[in-house]
Amino acid sequence: MSEPLLIRPYGDRRDDGVVQLSFVLPVPAGERAREAAAEVARRMGLGQVHVAAMERAADEYTFFVVYGRTPVAVDYALLDAPEVVTRKGFDELNEIVAREVGRRIVVLGACTGSDAHAVGIDAIMNMKGYAGDYGLERYPMFDARNLGAQVDNATLARLVKERRADAVLVSQVVTQRDVHKDNARQFLDELGRLGARAQVIAILGGPRLDHRTALELGYDAGFGPGTKPSDVANYLVGEVLRRMGKSLH
Ligand code: B12
């Protein structure tokens, strides 16, 4: 058994439990609305509540930022979270693929269904890259194609099969009423219908996704906010090698 490691949110001083909340209430701004926001925070268990900002969000809607103290602590030592780890640099990864795989890794990417947000998948795939990191299209040993946004699930599944893709990257940004989960599942259903699920490494990403959720939805890996292309490149090379009975080490 590992030693317990209790941690609490840190605002001004270690362990003070200070958190910041932001939310919208469906009422016009005013003193009654401010009190409603404070009451919401108190009912969430926060103490020493302070409404720091109140702004009109739309007609009859107000946006709040509220500070408060939570008594909650978690034992960090007991937590278990699946994680994808980055290790190798750009040149090293390309060399490993050339040497160990002996051909280019075929990758298709798209933002699927009715979701029109292309910026996330572009960040991961575009030649220019993102946050100082080259996108997958820049890697000589990846044959990476970004199909853009609003790509139909059936079309993407068909292309995965036709092009014998090693990996498919699915981006989901709109999450209202869990549409991202329904859509992500639908894509895997389409792949399954074509008998192509086992041939491809299926990766799901977006601002409200993480590795655990992607696994629960039937994907092989998931990536969330702040993902860099090299995170995905490392995972991909490691997984292709693993499926060949090799390892990235
Ligand atoms: C730009 C934008 C738009 C643009 C999109 C333009 C384009 N070509 O992409 C336009 C104006 C078209 C738009 C439209 C809409 N939008 Co909009 N949009 C945004 C905005 C401001 C920024 C999104 C963005 O570009 N982020 C930057 C990228 C780099 O971040 P990212 O997507 O998180 O990607 C990173 C990671 O998540 C990850 N990642 C993402 N995908 C993948 C995939 C894989 C495989 C991997 C490995 C990693 C990965 O890697 C990326 C890099 O780190 C956000 C608000 C915000 N500030 O986030 C709202 C937002 C996403 N939009 C929203 C909404 C509601 C809409 C509309 C429905 C509005 C409307 N009523 O019409 C429409 C939807 C249209 C549609 N059919 O999809 C909501 C979504 C709410 C929700 N939870 O569902 C947001 C959050 C705004 C809000 N607060 O309400 N939008």
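Q: What makes Gln48 part of a strand, and which strand is it?
A: Gln48 is found in strand 3, which covers residues 47-58; strands here are DSSP runs of E with at least two residues, helices are runs of H or I with at least four, and both are numbered from the N terminus. The model is a predicted one, in which local features need pLDDT of at least 70 and side-chain atom pairs count only at pLDDT 80 or more, whereas totals for chains, interfaces and linings use all residues. Residue numbers start from 1 along each chain as its sequence is written.

Q: Why is Gln48 called exposed?
A: The label rests on a count of other C-beta atoms, placed from the backbone, within 10 Å of the residue's own: 20 or more make it buried, 12 or fewer exposed, and anything in between partly exposed. Gln48 has 12 C-beta neighbours inside 10 Å, and therefore counts as exposed. Its phi is near 45 degrees, a positive value in a residue other than glycine.

Q: Why does Ala131 count as exposed, and where is its place?
A: Ala131 has 10 C-beta neighbours inside 10 Å, so it counts as exposed. Its place is in the loop between helix 3 and strand 7, and it has a positive phi of about 50 degrees although it is not a glycine.

Q: Why is Arg34 called partly exposed?
A: Arg34 has 16 C-beta neighbours inside 10 Å, and because of that count it is classed as partly exposed. Arg34 lies in helix 1, residues 31-43, and, leaving aside residues up to four places away in sequence, it touches Val51 and Met54, where a contact requires C-beta atoms, placed from the backbone, within 7 Å of each other. Between Arg34 and Lys228, 194 residues apart in sequence, the C-alpha to C-alpha distance is 39 Å.

Q: Why is Val151 called buried, and which residues does it touch?
A: With 22 C-beta neighbours inside 10 Å, Val151 counts as buried, although its place is in a loop, between strand 7 (142-146) and helix 4. Residues up to four places away in sequence not being counted, Val151 touches Ala110, Cys111, Thr112 and Leu156. The C-alpha atoms of Val151 and Gly109 are separated by 9.6 Å, the two residues being 42 apart along the chain.

Q: How do you know that the span of helix 5 is close to the expected one?
A: The expected span is 1.5 Å times one less than the number of residues in the helix. Helix 5 (residues 179-193) has 15 residues and reaches 21 Å from its first C-alpha to its last, close to the 21 Å expected. Helix 1, with 13 residues, likewise reaches 18 Å, close to the 18 Å expected for it.

Q: What makes the buried residues of helix 5 line one face?
A: The buried residues in helix 5 are His180, Ala184, Phe187, Glu190 and Leu191. Seen down the helix axis, they fall within an arc of 115 degrees, so they line one face of helix 5; the arc is that of the directions from the helix axis to the C-beta atoms. These buried residues pack against helix 4 (153-162), strand 8 (167-171) and strand 9 (201-205), while the face turned away from the buried side carries the exposed residues Asp182 and Arg193.

Q: How many residues are around the ligand, and which come nearest?
A: There are 28, of which Val119, Gly120, Leu169, Ser171 and Gly205 come nearest; to be near, a residue must have its C-beta atom, placed from the backbone, within 6 Å of the molecule. Helix 3 (119-125), strand 8 and strand 9 each supply at least two residues of this shell, and helix 3 gives the most, with 5 residues.

Q: What makes up the chain's two domains, and how far apart are their centres?
A: Domain 1 covers 6-75 and domain 2 covers 90-243, with bounds that come from an automatic or database domain assignment. Taken over C-alpha atoms, the centres of domain 1 and domain 2 are separated by 37 Å.

Technical notes
Contact = placed C-beta atoms within 7 Å.
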